[in-house]
Structure formats: structure tokens, C-alpha cells
Amino acid sequence: MTRGTWRSAGLILVLVAGCVATPARQGGFPVLTPADTDPEAGYERPPTLAASALLAPELASGPHHHVREEVRTNGFLRLYSVDSDFGVFPAAGDFALRLVVQEIRAIGALRALSESSRCDEARDVAQQQAFVEAWELVTHPCESVHGVPPEAWGEVMDIAQTHPEQRSETENAARTLVLGFEATKRGVAHRLGVSPYSLNRTLQASMNEIAWIVSAGGLPMEAIPLLTADSVAPLPEDVIPSERLAEIYQFGSPEDLRRRNHIELAVMGLDEATTDAFLTHPAYSPRQQTGIVESLVALDPAEDRNAFIEAALLAEAPADALLFLMNALLLRAYHQNVAPVERMLRVGPRAAAGFDAAGKLIVPIQVDYLVWSRPTERFVERMTGPATEGSTAASVEVWISGDASPLARSEFERRGVTLVEGSFERAFGRLAPGPR
């Protein structure tokens, strides 16, 4: 049987979210020009740093990876290149580096499991399933989030729209297989300490192969290596300490997460159009959306929380989405650990901030290493002027996850803005996203 001949009639082709690897990019930050960093104008050039001086041993190298020594910066983020047994992976930022290293660890563990005799037996069982064999789901694993080619997913959607009494036994078996696979893959990702919605195509292929062998071949879930205990990347339950939410992350389908987020945003007062635009935004994974929504829920009863969602809608790529998630977590950390946020507002096209009861404006930014540049100066000027019409801050604190250059520190201070460095320590503790 050749691939795709299991069921050829009535295909509905749907767009399946692919897992294309994207190069390290600027995130939501401007690309600095030479004029923006001209020392003669009072600015500074972004430095090139050494990985050996920045990174803890478990991040710098491992059995399957090594971070290149030269680390460029773009004025806001550190830009890493990670050589691995499975290819070269870029990482735009300290937090992204942790995710990449954890994903490489997961790929190595899955490759080792795939080559074991225990897995071979379950693989043979899985390939006896007509749907698995027809689409070569084990022998040629798909690199998509869905775990099946678009044509196969279209067949499943076609079956779902058919009345149960009109479905054949083979069609019912295929639908049951796919539903079981989705839940199994979330369990596999959970044990590995990675996201089932990762953009790493190599990881997706490895997860899909093993998840099919577990769900269709009977390989016990306990055979999946448990990499969460010593994970180098923050886990959802570490970021948002809620047993209920941790369970939703692990077992909730994308539809479950979207339904829950829709309800929470409606309770906050967001209009339907804005809610739908955010929950269908292609840059965000369901888990990233849930992390943002849960952080905004934690700010209750702060007013105008819709300001954050309106800013988040301007994300252009997954790198932007990650920055917005980190900023939401920083606001939540301030609200819960320092002082309640009473009102939120936009402070630029891609940023949202919060006023506390004392009238202090808290501006969260996920930045690794901030240099003094023309865009940074303009940002500070905007913070020290009226944030919006009729709103002037009594004082301003800019919370950054990483560090700032000595010049940037002095310029912030000279302009009356407090720069809080290493602020992610309050949100993540030992799993802070900084290098050390």
C-alpha cells in the first residue's frame, strides 16, 4: 500500500500549522542602524560576548550540543548559535536558548528510545494499523504539530463530518487513533519538558514517531525519558504555580485551551472581535496564549487589561509572541510580589504597562542586555512624558529580565527612570531565563 491510498475519496485539504524553523530575528525590537549606535552621538555599539563567560555548564554544552563561543547582541537580545548532533539551531535571547537546549536534549532521548529493541516491538504493532501504515506515520514521521500530513488530517476531518451511522469500521478506527494520538503526544511532550507546539521540525518528527508508537503500538508512556526534573527551561507549573492549570497544560487539547481562554477574556470585558483575533493569531501557540491570559487573570481587578491584548496582536512572528508572554509574566510577578497593578495602558505600539496604587508606572521588557541607543533613548523619553492622554506617572520603573550596560544604567538614572535588572528572578526563581 502506497502512502495516502488508505482512503482516496472525499479529501478535505486543510491548512496544518507547520513547524518551520525560523532564523534568529529581532523579536519586537527595532533593528539598530549605525546612527542609532554612534558613540559620537552619545550612544554605544552592541558588544560581542563570549559564551564561556556567560553560560552555566549545562547550557554551554551537553552530550548532543555546544553553544558557539561568539555571542552577538543586537542592543536588546543575545543571539546564540547552537551546534548539535541534529543540526544548527539559532536562539534569539537567553530564554530562547534554554528552550532550544531542552529541545535538543529531548531529541537525543527520543532518538535513543527509537533505536531500542523495546521500541521495535511496539513499532511493528503500530504499523499493523491501516491508517498508520497507509500514511507511513512511523516509518516517515511528519514534522507538523498535528502529527499527520495535511491530506491525512483532511480525511479525519471528513470522517468527523460524516454521520456516525454512515462511517465504516475502518473510518471509526482511524478517527479514534488520531484522537488518542493527540492526547498521547501531549503526554510525551510533558515528560520531555518541551512544548507539543514547538517550531523545531526535528523535534516534531521525533515526538510524532514515538507518540504514534505509544498510542498505536502499545509502548508504555513510562518508556519516555522523564527530563522535567533537571529541565533547563521553565515549565508551565513553575511559571504559573497552579495545579489546575498545570493539569490543563498537560491534558488539555488546543480546543480546550482556546475555550477556556475565550471565557476568561470575555469575563475581563474584551470584545468578541479582539478576543477572536488574539486566539486565532498565527504567531502564538495555545500554551503561550494561555500563559498570557492566565497572567492577566492574576491581575484582577486591574482595569483596562485589554491594553495588553491589543499590543500583543501586533506580534509578527513566534519570536514576538515569546516576548509578549515574558512581559505578561513580569507584570504578574510585580502584581503578586511587589504591589497590585490597578490599571494597564499602552505605552507604544508594541508595549503595555501597569500603574500601581502609588501611581508608579511599571514597564516590563524581556531584554537580555540593554545598550544605550537612539531607540532606547526615545523609549525613555516616552516613559517620562505623558504615557497616554491625561495619564502622567508619579515615577517609572522599567523591569528587564536581564542586564543593562553601565552607560544605559546611568542614562536611565539621569532621566529619573528606575531600571530593575534581573527581574525574572522573582518570576522563575532558580529557573530564571538568564544565563547564570
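Buried means under 20% relative accessible area, exposed over 50%, and partly exposed in between (1.4 Å probe, protein chains only). Keep that handy for the exercises below. The model is predicted, so local features need pLDDT of at least 70 and side-chain atom pairs count only at pLDDT 80 or more, while totals for chains, interfaces and linings use all residues. Residues are numbered from 1 along each chain as its sequence is written, and side-chain values use heavy atoms, with hydrogens and water left out.

**Exercise 1. Work out the surroundings of N208: where does N208 sit, is N208 buried or exposed, and what does N208 touch?**

Step 1: N208 belongs to helix α8, residues 201-217. Helices (H or I, at least four residues) and strands (E, at least two) are DSSP runs, numbered from the N terminus.

Step 2: check the accessibility. N208 counts as buried because its relative accessibility is 0%.

Step 3: list the contacts, meaning heavy atoms within 4.5 Å. Not counting residues up to four places away in sequence, N208 touches C142, E143, S144, V145, G147, F181 and K185.

Step 4: pick out the polar contact. The side chains of N208 and K185 are joined by one of 2.8 Å. A polar contact is a pair of N or O atoms within 3.5 Å; within protein, one must be able to donate a hydrogen and the other to accept it, and residues adjacent in sequence count only if both atoms are side-chain atoms.

**Exercise 2. Check the span of helix α13 and say which of its residues are buried.**

Step 1: get the expected span, which is 1.5 Å times one less than the number of residues. For the 13 residues of α13 (286-298) that should be 18 Å, and the end C-alpha atoms are 18 Å apart, so the two agree.

Step 2: look at the cover. Twelve of the 13 residues of α13 are buried. They are P286, R287, Q288, Q289, T290, G291, I292, V293, E294, S295, L296 and A298.

Step 3: carry on into the loop between α13 and α14 (306-312), where P301 sits. A cis peptide bond joins D300 and P301, with omega about 10°. D304 is in this loop as well, and has a positive phi of about 60° although it is not a glycine. D304 is partly exposed because its relative accessible area is 40%.

**Exercise 3. Trace the partners of strand β5 and decide which residues stand opposite each other.**

Step 1: set the rule. Two strands pair if DSSP finds at least two bridges between them.

Step 2: take β3 (residues 65-67). Three bridges join β3 to β5, running antiparallel, and H66 has D83 as its bridge partner.

Step 3: go to β4 (residues 70-73). β4 pairs with β5 in the antiparallel sense over two bridges, with T73 opposite R78. The two strands form a hairpin with four residues between them, and G75 in the turn has a positive phi of about 95°.

Step 4: finish with β6 (residues 87-92). Six bridges join β5 to β6, again antiparallel, with Y80 opposite A91. Two residues link these strands in a hairpin.

Step 5: β5 (residues 78-84) is largely enclosed by the rest of the structure, because five of its seven residues are buried.

**Exercise 4. Describe the five-stranded open sheet and the helix that lies across β7, β8, β9 and β11.**

Step 1: write down the order. It's β7-β8-β9-β11-β13, with mixed pairing. The edge strands β7 (341-346) and β13 (417-420) each pair on one side only. Direction ignored, neighbouring strands of this sheet are turned by 25° against each other on average.

Step 2: zoom in on one pair. β9 (residues 360-365) and β11 (residues 395-400) run parallel, joined by six bridges. P364 has W399 in β11 as its bridge partner.

Step 3: α15 (residues 318-337) lies across β7, β8 (352-356), β9 and β11, at about 140° to β9. Axes are lines fitted to C-alpha atoms, for helices over the stretch in contact, and angles run from 0 to 180 degrees between N-to-C directions.
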